[in-house]
Amino acid sequence: MNKERLMRQFATDINYTSSKCMRIFAYFLIVYYLYFIFVLNLDLTMVSIVISICIVVAMIPSAVVFIFKKADKDYTKHIILICTVVLMTLLIVEFQQFSYAVILFPLLVASLYFNRTFVLFAAMLTSLGILLSAIILKYVPGVYIYNMAKHDDLFLNMAIPNIIIVISLSIIAFFIVDTNRNYVNKNIETAINMINNEKGLVFAFSELSENKSKFTGEHIKRVSEYMRVMAISSGFDEEYADKLATAAMMHDIGKLMISEEILDKPTKLTDEEYQIMKNHVLYGDALLEKCPGEIFHLARIMAREHHEKWNGKGYLGMKGTEIAYISRLLSVCDVFDALTAERMYKKGWDLQEAYDEIVRCSGEDFDPEAVKLFRDNFEKFKEIHDKYKDVQVY
């Protein structure tokens with residue numbers, strides 16, 4: 001995880017919030033509509049047309065964000081801002097002083113983004129919108145539905161005072177946004193440091209458990225990268241996939257509690273030894289139980305369940321969807337690496353042989369959905385396998 005990714009996610013979240021604000025504004029327009037019809041007794045047809053257009057404009061951001069899935073695009077915030085200015089201009093033209101408070105709306109939305117330049121851009125667009133509304137009212141007769149202002153005084157009594165208000169508030173918003181942005185940056189940096197420290201601790205523990213054997217800890221790196229591929233292919237975003245890849249490193253942490261004589265025994269384990277080996281999933285669960293943080297929580301799930309089988313014949317007897325989805329993904333990753341890795345007690349399988357075995361066990365040992373993801377990404381698995389080679393420690 002890095003600062004740039006967090007900032008992108010932050011901007012995406014604000015786009016969602018801004019689009020919701022616009023939807024809420026659309027609801028207020030309905031109240032506005034009822035007021036004009038039943039209190040002011042304005043022309044029903046004209047008010048209906050104008051308010052309908054305003055509601056459509058207010059819903060454009062929601063369409064961009066939720067229907068067209070553009071919340072993560074930088075231009076989305078500009079679309080949202082333009083919609084607020086269009087709304088403001090239209091309402092001022094048609095209802096004049098009843099809509100003057102709306103001039104604050106674009107600045108309010110722009111302030112959400114903690115971007116000083118964007119605030120100034122919003123102030124400029126808002127001022128242009130106010131000038132445009134004054135020009136339309138002055139030179140396009142009969143365009144308005146409700147009017148109490150003298151057209152000769154529009155620039156002096158309406159446009160200029162409102163622009164001064166916008167400029168004044170934009171200066172205030174500029175400094176508020178600047179202060180809040182520094183605060184957000186500090187929080188993001190703190191979060192990144194905490195996550196990096198957590199990941200460093202995870203990797204250190206993982207290597208400690210893996211290096212009890214006579215091979216380097218490349219196994220955890222391969223399984224971690226396999227897990228990242230499976231997570232992204234499952235539709236998880238990069239941030240969550242990174243957390244899963246990190247957490248997957250700790251799936252064998254329980255082996256810290258298993259003696260080296262059992263871990264590296266060159267012959268078949270006795271029934272008693274095998275039972276001790278199976279207990280490493282419970283040891284892992286216990287070791288991670290009190291560890292704080294999302295990564296350790298995910299690691300605990302995978303440490304406990306990575307030897308479970310789809311048909312219920314795994315270490316703990318869990319089956320099907322009783323097994324967490326992430327553990328089902330990890331099971332494929334772990335078995336593929338176990339089959340292809342060379343150890344004191346066995347030769348590594350050929351990659352194609354391991355592939356055929358996992359496909360054969362779909363619906364028995366493995367979740368068919370996880371196997372499908374494995375098949376779709378087999379070329380990436382081969383690349384990872386070739387990149388991280390085990391080195392024996394003598």
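This report walks through helix packing, salt bridges and a surface patch in a predicted model.

Residues are numbered from 1 along each chain as its sequence is written, and side-chain values use heavy atoms, with hydrogens and water left out. Because the model is predicted, local features need pLDDT of at least 70 and side-chain atom pairs count only at pLDDT 80 or more, while totals for chains, interfaces and linings use all residues.

**Helix packing**

Two packed helices are described by the angle between their axes and the distance between the axes. Helices here are DSSP runs of H or I with at least four residues, numbered from the N terminus. Their axes are lines fitted to C-alpha atoms over the stretch in contact, and angles run from 0 to 180 degrees between N-to-C directions.

Let's start with helix α12 (residues 294–305), which packs against helix α13 (residues 325–340) at an angle of about 55°, the axes being 9 Å apart. That makes α12 and α13 oblique to each other; angles under 35 degrees count as roughly parallel, over 145 as roughly antiparallel, 65 to 115 as roughly perpendicular and the rest as oblique. Helix α12 also meets helix α8 (residues 238–248): these axes come within 8 Å and cross at roughly 55°. Helix α8 is therefore oblique to α12. The crossing of α12 and α13 is right-handed, and the crossing of α8 and α12 is right-handed too. A crossing is right-handed if the near helix is turned clockwise from the far one by less than a right angle, and left-handed if anticlockwise.

**Salt bridges**

A search of the whole structure finds 18 salt bridges, each being a side-chain nitrogen of Lys or Arg within 4 Å of a carboxyl oxygen of Asp or Glu.

| Pair | Closest N and O atoms |
|---|---|
| R222 and D337 | 2.4 Å |
| D252 and K255 | 3.5 Å |
| K309 and D365 | 3.9 Å |

What does the salt bridge between R222 and D337 tie together? R222 and D337 form a salt bridge. R222 belongs to helix α7 (residues 218–233) and D337 to helix α13, so the pair ties together parts that are 115 residues apart in sequence. R222 is buried, at a relative accessible area of 2%, and D337 is buried at 0%. Here buried means under 20% relative accessible area, exposed over 50%, and partly exposed in between (1.4 Å probe, protein chains only).

In the second pair, D252 is buried, with a relative accessible area of 4%, whereas K255 is partly exposed at 22%. As for the third, K309 forms a salt bridge with D365. K309 sits in the loop between α12 and α13 and D365 in the loop between α14 and α15 (368–376), so parts 56 residues apart in sequence are tied together. K309 is partly exposed, with a relative accessible area of 30%. There is also a network of salt bridges linking D285, R300, R304 and E305.

**Surface patch and a buried loop residue**

I24, Y27, F28, I30, V31, L34, Y35, F38 and V39 make a nonpolar surface patch of about 930 Å². Such a patch joins nonpolar side chains (Val, Leu, Ile, Met, Phe, Trp, Tyr) within 5 Å, from residues with over 30% relative accessible area and no salt bridge. Accessible areas come from the Shrake-Rupley method with a 1.4 Å probe. One of the patch residues, L34, lies in helix α1 (residues 3–38) and is partly exposed, with a relative accessible area of 41%.

A341 lies in the loop between α13 and α14 (351–360). This residue, A341, is buried, with a relative accessible area of 6%. A341 and C21 are 320 residues apart in sequence and 54 Å apart in space, C-alpha to C-alpha.

Methods. Patches are made of residues with over 30% relative accessible area and no salt bridge: like charges are joined within 9 Å, nonpolar side chains (Val, Leu, Ile, Met, Phe, Trp, Tyr) within 5 Å. Helices (H or I, at least four residues) and strands (E, at least two) are DSSP runs, numbered from the N terminus.
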